[in-house]
Amino acid sequence: MNKVKLTIDDKQIEVEKGTTIYKAAKQLEIEIPVLCYMNLEGLNIENKPGGCRICVVEVEGRNNLAPSCSTEVWDGMVVHTHTMRVINARRTVMEFILSDHPKDCLTCAKSGNCDLQNMAVKLGIREIPGQEYAEMSKYKTDFSPSIIRELDKCIMCRRCEMMCNDFQTVGALSAFHRGFQAAVGPAFEMDIEDSPCTYCGQCVAVCPTGALTEKDHTRDVINALSDPTKKVIVQTAPAVRAALGEEFGMEPGTLVTGKMVSALRRLGFDYVFDTDFAADLTIMEEGTELLDRLTKFLAGDKKVKLPILTSCCPAWVSFFEHNFPEMKDIPSTARSPQQMFGAIAKTYFADKISTKREDLVVVSIMPCLAKKYEAQRDEFKVNGNPDVDFSISTRELAHLIKEANLDLNKLPDEDFDKPLGESSGAAVIFGTTGGVIEAAVRTAYELHTGIKLDKLDFEQLRGFEAIRKATVDFDGTPINIGIAHGLGNARKLLEEIKAGKSEFHAIEIMSCPGGCIGGGGQPTHHGDSSILKARAKAIYAEDAGKPIRKSHENPYIIKLYEEFLGKPMSEKAHHLLHTCYFDKSRKIEID
Amino acid sequence: MITNLGGFKMSQHKQIRIALNNCGVIDPENIKEYIARDGYVALGKCLTEMKPQDVINEIKESGLRGRGGGGFPTGLKWEIASKNHADQKYVVCNADEGDPGAFMDRSILEGDPHAVLEAMAICGYSMGATKGLVYIRAEYPLAIKRLKVAIEQAREYGLLGKKLFETDFDFDIELRYGAGAFVCGEETSLIHSMEGLRGEPTIKPPYPAEKGYLGKPTNVNNVETYANIPIILRKGASWFNKIGTEKSKGTKVFALAGKVKNVGLVEVPMGTTLREVIYEIGGGIENDKKFKAVQTGGPSGGCLTEKHLDTPIDFDNLLAAGSMMGSGGMIVMDEDNCMVSVAKFYLDFTVEESCGKCSPCRIGNKRLYELLDRITQGKGELSDLQRLRNMSLVIKDTSLCGLGQTSPNPVLSTLDNFYDEYLAHVTDKKCPSGECKDLMTYFVIEENCVGCTACARVCPVGAITGEKKEVHYINPEICIKCGACEERCKFDAIIVK
Ligand SMILES: Cc1cc2nc3c(=O)[nH]c(=O)nc-3n(C[C@H](O)[C@H](O)[C@H](O)COP(=O)(O)O)c2cc1C
Ligand code: SF4
Ligand code: SF4
Ligand code: SF4
Ligand code: SF4
Ligand code: SF4
Ligand code: FES
């Protein structure tokens, strides 16, 4: 007997044993309000601490109210979701939560997108009794290159903690203090900068309030744009175009590439380029490195280490620098597309437009918060001048567009500028899990075997499963490929490598659920994983529609090598497009 | 004679010693003395003569209910744990005893550690567990030392370890130390704490019997619950279930405290009335003042009044009266206690001890405390009483664990039983018992004042004026209610009201 029958608000339903009241109600299209609960279905990410108690319902025969998000149904259960007792309890609990929450909505980064604000609206809260004398819990605000933590706004939903510990296995966040002073943050209340945080931004992506937000660089961008002495250029990462529309009321999965380009041009950027160009470049470098290692390895060179790991996700780079420093020679040395773009822009392109490095400002639009931190890494500066000056998120771009009084819906489609705006379909799919390795396979296969692929879609590399494995036949040589999204999943593959048990030749790792489409800088998904899936679909659609779908066939990439770099992995390429990694493991120091 | 348990040498006629049977009688650091009083006989009997289910049946039949607060039937709990199969199961003894003022578990562990060890081994046998863990607060060094000695000696005697009583049953026990957070006594919280995680509760189900320590079936019982086990198995369930009331069998140990003449530990049969405990064992109210209330069940129990004094104490009656058994705290209050302050006092404790996981307890209790505090300062309004009740009911109704589900009890029970006192605070701005300093005024009784000026000279803030040999006057705006004048006046001319 694996089914149970129950009644919710006088409606009968039969569900699987083990189903929660909340989920059973959902099947009846009764939407019980939840606050701390979050479930990214299909991604195995569920936050269910039962802490906020907003979701309580009345269950006949039970003494107290039941949290519907975490109470399993039983046979014959009778549930009422909106009795006066429930409504009064929900309201009173909400008043409690708000009584310890700053009323900063007017200036809060989360306003308009805030689950707490939405709940207050839904419940029609108009006053908070006793607010005049209610003490509020106070914490110091913590600033870092990527993330700002304003715990006065923390409601202890524990979503960030779950993301950081369970999904990412970074363990930078945990509950501290007890009772009224309890909140979530790094151990010993240290700054996030001193913690093992990777700046993946997944805590920010799930935080229902403004307690965790991105470090906002929109003012810096505006200042640069208004400085007549500067040339300001912009690059946009692939995942941005698949999500930006959501901020303007479009259906998830709407591609807005052309409208985004025209918005950026209207904002005043001198050149609107595409990070995808640099993604093609990444494939040239990383693909060549892979082939080089692979050829040597297959020839029996014992000095060569495999698998090769992708290195385009800066949070992932931080993760292995912190947790697996002894393996720092395994990942590809190729810089991320953002940084490759910056390096080429401030050399090759600056020369082309006869502009001094200092007078060229490179802005990047990223789905990512780790890229903010990456842009500030010392390796990516020349005499203190960074290759990428400001990295802003998809959300920040949406704010800029709105502030400029532009309606994305009404803008015409425009094309990227040349030369750094041309890209292949392979580069576009960088934005989703499996995409980088698929792009690499398309190029590596052709360069290795000399055979032209007749089918470019590697379905076996796509999907949302946590860890995927596939073998691609390189004309008689089977190449084993692994894909992981989420650092917890990456950790599993790394442990295998450490134990000498890895069967892979190449592994792609992305920190965020679904890859960059689910990045910490994207429009808030509010726990709806169908949004992530729609974005992924959009990305593959853009790839399919591109005339050029292989990185090595991008004519401007070919030209860049001819005019400037020589060939992949040349000395110049090494200098500009590759990097090295550092041991960042450390013991926690308490001062 | 029992010397380490407080002062009940006189009137022990109401008391029966089951849990405290050996306490003060044997040398707890000498296993031979325990054995001499039939120690480990029950374990031997279980292992050699009884099947695990027989043991469970005997405990079920005894009617023993958990002494840690919940009153869950112990035999049933063991049975559930025995039916959940796993490669490893655990027997846990909850010796966290976080109630302020409670020391029954400590006394048992200090006075009769082997009884608990023996009971844990019996429990292990009945449910199929080979490992026992005692979670004990680190602030109990003597109990820890005695447990260590007892475990060592039991191992030497082959009463813990491998092949006990030459059967195939292995059982050993280790200690785990708690840092003393009250909520770590809640069983899921306790388990997380033992696992090295933050000591905070999780939603049940799953109960520990399904998924406990390290995800394995785990039986958690209180110290006193275990202390009852060996004697039940020696004397039989039918001996035990004759003691007590219909639904609560055996005895209960209480820590009697507050305004009674004799304070200390009491072990009485279930069904004894509060009056008997307070007046016969406790010797009545200190200084022969008037009894006002008795608070049972620890910090989140309720305050019962005169009208409850003849209630037979058991799990269900206390609950029905608006309080609870809890772990057995019993604090007596007299006419000098302000019941609003009493409620505030307990809320202060729960606010401190909330783990912070769920919003009603984390924030709601704080708001309750703040409101009570205002009322004791004379800043309360009539409508606040309604808010107080609503907040209390919602906190009870929505909190995640037993702490929040009971923490408003002191507020609700005092609102129910002493509503007039609340009213006096909010409408007249008076504290009838005179405990709330902010609500008192010092003034001079004209007839008694001789104008000696002593009061004016002692007042630290110069609130008192008056010519020599004339009636003095205390300015209430300036007075800080230190009471110095009242103390100094030789003519009883200054009173406080
Ligand atoms: C806040 C809180 C504190 C508790 N503290 C204790 C404690 O100190 N000792 C104890 O035995 N049980 C305590 N309990 C009860 C335990 O959760 C559990 O019910 C008990 O250990 C089970 O044992 P029993 O069935 O023998 O009573 C506490 C419960 C709550 C909600
Ligand atoms: S976190 Fe939400 S509710 Fe709080 S101030 Fe910001 S927008 Fe308002
Ligand atoms: S950014 Fe990522 S690693 Fe850093 S605290 Fe947030 S979830 Fe953890
Ligand atoms: S910081 Fe945000 S996500 Fe984390 S517990 Fe607080 S409110 Fe929840
Ligand atoms: S997966 Fe993408 S969005 Fe997420 S941290 Fe990595 S690069 Fe940034
Ligand atoms: S009721 Fe209190 S102690 Fe229990 S889980 Fe909630 S906050 Fe923690
Ligand atoms: S949503 Fe159920 S407790 Fe928070």
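Me: What is the radius of gyration taken over, and what is the globule rule?
Reply: The radius of gyration is taken over C-alpha atoms, and the globule rule is 2.2 Å times the number of residues to the power 0.38. In this predicted model, local features need pLDDT of at least 70, side-chain atom pairs count only at pLDDT 80 or more, and totals for chains, interfaces and linings use all residues. Residues are numbered from 1 along each chain as its sequence is written, and chains are lettered from A.

Me: Which radius does chain A have, and what would a compact globule have?
Reply: Chain A has 25 Å, which agrees with the value near 25 Å for a compact globule of 591 residues. The C-alpha trace of chain A spans about 75 × 60 × 55 Å along its principal axes.

Me: What percentage of chain A is buried?
Reply: Of the 591 residues in chain A, 63% are buried, meaning under 20% relative accessible area with a 1.4 Å probe, protein chains only.

Me: New topic: at what angle do α10 and α16 of chain A pack?
Reply: Helix α10 (residues 314–323) and helix α16 (residues 487–498) of chain A pack at about 50°, with axes 11 Å apart. Helices here are DSSP runs of H or I with at least four residues.

Me: Which residues make the contact?
Reply: From α10(A) come A:A315, A:W316, A:F319 and A:N323, and from α16(A) come A:L487, A:A490, A:R491 and A:L494. Contact means heavy atoms within 4.5 Å.

How values were computed:
Side-chain values use heavy atoms; hydrogens and water are left out. Axes are lines fitted to C-alpha atoms, for helices over the stretch in contact, and angles run from 0 to 180 degrees between N-to-C directions. Helices (H or I, at least four residues) and strands (E, at least two) are DSSP runs, numbered from the N terminus. Buried means under 20% relative accessible area, exposed over 50%, partly exposed in between (1.4 Å probe, protein chains only).
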